[in-house]
Amino acid sequence: MKTRLGCLSNKSDSCSDFSEFLPPAQERSARYLKLSTDEVHWMLIHNLIHLYFIDGLAAFRTFLKTEFSDENIEFWLACEDYKKIKSPAKMMSKANKIYKDFIDVHAPREVNIDHRTREETKQRLLEPTPNSLGEVQAKVYSLMEKDSYPRFIRSKIYQDLLNRTQIYCQRKSV
């Protein structure tokens, strides 16, 4: 995702930086070629935010389900929700639920972490803070980043998502 969004931070005057988001040359309309760089930037930012942060999350979840590893994204999202909790009582309750659902060796949706991380997390959750799950969340994120996400980018689910976004961009630009 960083690579895909990286072109948005470059201030290029040509659309060649965006070629992966454009339709094949033979299918581009005259209007499409007349877009200014600012128009292309706005269109891509608008659509990519929707693609990567809404449709992209749903697509990534669907992909992980096909690989029987959706517990990773569900755990990561639960940790994100946990960090927003202000009440100590609610934090304790949510911490226990996350531990029982994802971290415990008998958890129904156990995430793949090493014994040391599991035990240290268990100790941290005795007196939970907003950062108690930080280390384990980072490890699960790293696992998804290095393992699941590269396969997702090569998957049909992701390719279909990109194609839908390209079609949407074409319709909006004409």
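Asp 104 counts as partly exposed, because its relative accessibility is 22%. Partly exposed is the band between buried, under 20% relative accessible area, and exposed, over 50% (1.4 Å probe, protein chains only). Asp 104 sits in the loop between helix 5 and helix 6. Helices here are DSSP runs of H or I with at least four residues, strands are runs of E with at least two, and both are numbered from the N terminus. Leaving out residues up to four places away in sequence, Asp 104 touches Tyr 99, Glu 110 and Arg 118. A contact means heavy atoms within 4.5 Å. Asp 104 and Lys 122 are 18 residues apart along the chain, and their C-alpha atoms are separated by 8.5 Å.

This is a predicted model, in which local features need pLDDT of at least 70 and side-chain atom pairs count only at pLDDT 80 or more, while totals for chains, interfaces and linings use all residues. Residues are numbered from 1 along each chain as its sequence is written, and side-chain values use heavy atoms, with hydrogens and water left out.

Now the overall plan. The protein has eight helices and zero strands. Along the sequence the pattern reads α-α-α-α-α-α-α-α. The protein has 174 residues, and 39% of them count as buried. Take the contacts between residues at least 6 apart in sequence: 61% of them join residues at least 24 apart. The accessible surface comes to about 10500 Å², and carbon and sulfur atoms hold 56% of that. These areas come from the Shrake-Rupley method with a 1.4 Å probe; for residues, only the protein chains shown count as cover.

The largest nonpolar core has 30 residues. Such a core is a set of buried Ala, Val, Leu, Ile, Met, Phe, Trp, Tyr and Cys residues joined through side-chain atoms within 4.5 Å. Which residues have the most contacts inside it? They are Phe 60, Phe 75, Tyr 82, Ile 98, Ile 103, Leu 133 and Phe 152. At least two residues of this core come from each of helix 3, helix 4 (71–83), helix 5 (88–103), helix 7 and helix 8 (156–173).

A search of the whole structure finds seven aromatic pairs. Rings of Phe, Tyr and Trp (its six-membered ring) pair if their centres lie within 6.5 Å; planes under 30 degrees apart count as stacked, over 60 as edge-to-face, and the rest as tilted. Phe 60 and Tyr 149 form an edge-to-face pair, because their ring centres are 5.9 Å apart and their planes stand at 70°. Phe 60 lies in helix 3 (residues 37–66) and Tyr 149 in helix 7, so the pair ties together parts that are 89 residues apart in sequence. Both Phe 60 and Tyr 149 are buried. Ring pairs also link Phe 60, Phe 63, Tyr 149, Phe 152 and Tyr 158 into a cluster. Beyond its neighbours up to four places away in sequence, Phe 152 touches Gly 56, Ala 59, Phe 60, Phe 63, Ile 157 and Tyr 158.

Ser 148 belongs to helix 7. Is Ser 148 buried or exposed? Its relative accessible area is 2%, so Ser 148 is buried. Setting aside neighbours within four places in sequence, Ser 148 is in contact with Phe 60, Phe 63, Leu 64, Ser 69 and Leu 143. Ser 69 is in the loop between helix 3 and helix 4. Ser 69 has 11% relative accessibility, so Ser 69 counts as buried.

Phe 68 has a positive phi of about 55°, although it is not a glycine. Most residues other than glycine have a negative phi.

Last, helix 6 (residues 115–124) and helix 7 (residues 134–154). Their axes come within 9 Å and cross at roughly 145°. The contact uses Arg 116, Thr 117, Glu 120, Thr 121 and Arg 124 of helix 6, and Glu 135, Val 136 and Lys 139 of helix 7. One of these residues is nonpolar, two are polar and five are charged. Axes are lines fitted to C-alpha atoms, for helices over the stretch in contact, and angles run from 0 to 180 degrees between N-to-C directions. Asp, Glu, Lys and Arg count as charged; Ala, Val, Leu, Ile, Met, Phe, Trp, Tyr, Cys and Pro as nonpolar; the others, Gly among them, as polar.
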